[in-house]
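Here are my notes on this model. Please read them with the structure open.

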Amino acid sequence: MSGTSRPQFVLFGSSIVQFGFFGDGWAANLAHLYARKADIINRGYAGWNTRRALQVLDKVFPKDARVQPSLVIVYFGGNDSSFPDPTGFGTSVPLEEYLENMKKIINHLQSLSDTTRIIVLSAPPINDEALNIQFARSNGKPSRTNETCRVYSEACLELCQDMNIKAVDLWTALQKVEKWQDACFIDGIHLSPVGNKVVFKEVLKVLKEADWKPSLYWRSMKNEFDEDSPYDPFFDDGRPYNNLSNWVLPDNDYWD
């Protein structure tokens, strides 16, 4: 446990969140960009739906925690949109229940503190053909379709609008990529580097445009230990200090 205190950004969701640190993942890029500004905490659980999320909500986000997150990014919906299995098992959650569950999650997060901000990611699209090869059920029928993802995505976005919650329309954003079915996914459902870049850029756009005080946009947040020091790198260019606190590899302009 670090002795210093930074704002906490908690990522809460299913596989898009859990795998967000893999390779050039959207969560990995977020952690890189905010490395000296905020702690990015992954609470992703692959395969989960909103029913499972509600079961652990109080444990992941206890109301009596000493420090509450400054930001929570929530993603559930893709698994919920799956078709029901005749056995009654599986991730399928009816649309009305899904919306009620999301409402409960959002209400709980809003109750954590007056300064806890929320961004919801809607259900992304899927590559129907690739998904049916990778994850088709034993009867040969698909577990979900891109059309069901659209329905859950649009319903989620409408809920967020009604609740005045910032949201990212992943279903639309990813399909703007040329040949998105293959470019954005590694298996028809989980994000490729291209798909991860879209998610990252959309989240960053919300953070930049949100009228939140204090701002959670990376350029507006203070870096930890950013004061000049005689121990800063010395390049003999005439400056007394070469403070690298505000430099993000490869270049700050790269991230905008």
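1. Some terms first. Buried means under 20% relative accessible area, exposed means over 50%, and partly exposed lies in between (1.4 Å probe, protein chains only). Helices (H or I, at least four residues) and strands (E, at least two) are DSSP runs, numbered from the N terminus.

2. The model is predicted: local features need pLDDT of at least 70, side-chain atom pairs count only at pLDDT 80 or more, and totals for chains, interfaces and linings use all residues. Residues are numbered from 1 along each chain as its sequence is written, and side-chain values use heavy atoms, with hydrogens and water left out.

3. Look at helix α2, residues 26-33. Its buried residues are Trp26, Ala27, Asn29, Leu30 and Leu33. They line one face of the helix, because they fall within an arc of 160° seen down the axis of α2. (The arc is that of the directions from the helix axis to the C-beta atoms.)

4. What do the buried residues of α2 pack against? The partners are β1 (8-13), α1 (15-18), β2 (39-44), β3 (71-75), β4 (117-121) and α9. Contact here means heavy atoms within 4.5 Å.

5. Ser92 is in the loop between β3 and α4 (95-110). Ser92 counts as buried because its relative accessibility is 14%. Its side chain reaches the backbone oxygen of Ser82 at 2.8 Å. Beyond neighbours within four places in sequence, Ser92 contacts Arg51, Asn79, Asp80, Ser82, Phe83 and Pro84.

6. Trp247 lies in the segment after α9 (193-209). At 46% relative accessibility, Trp247 counts as partly exposed.

Notes. A polar contact is a pair of N or O atoms within 3.5 Å; within protein, one must be able to donate a hydrogen and the other to accept it, and residues adjacent in sequence count only if both atoms are side-chain atoms.
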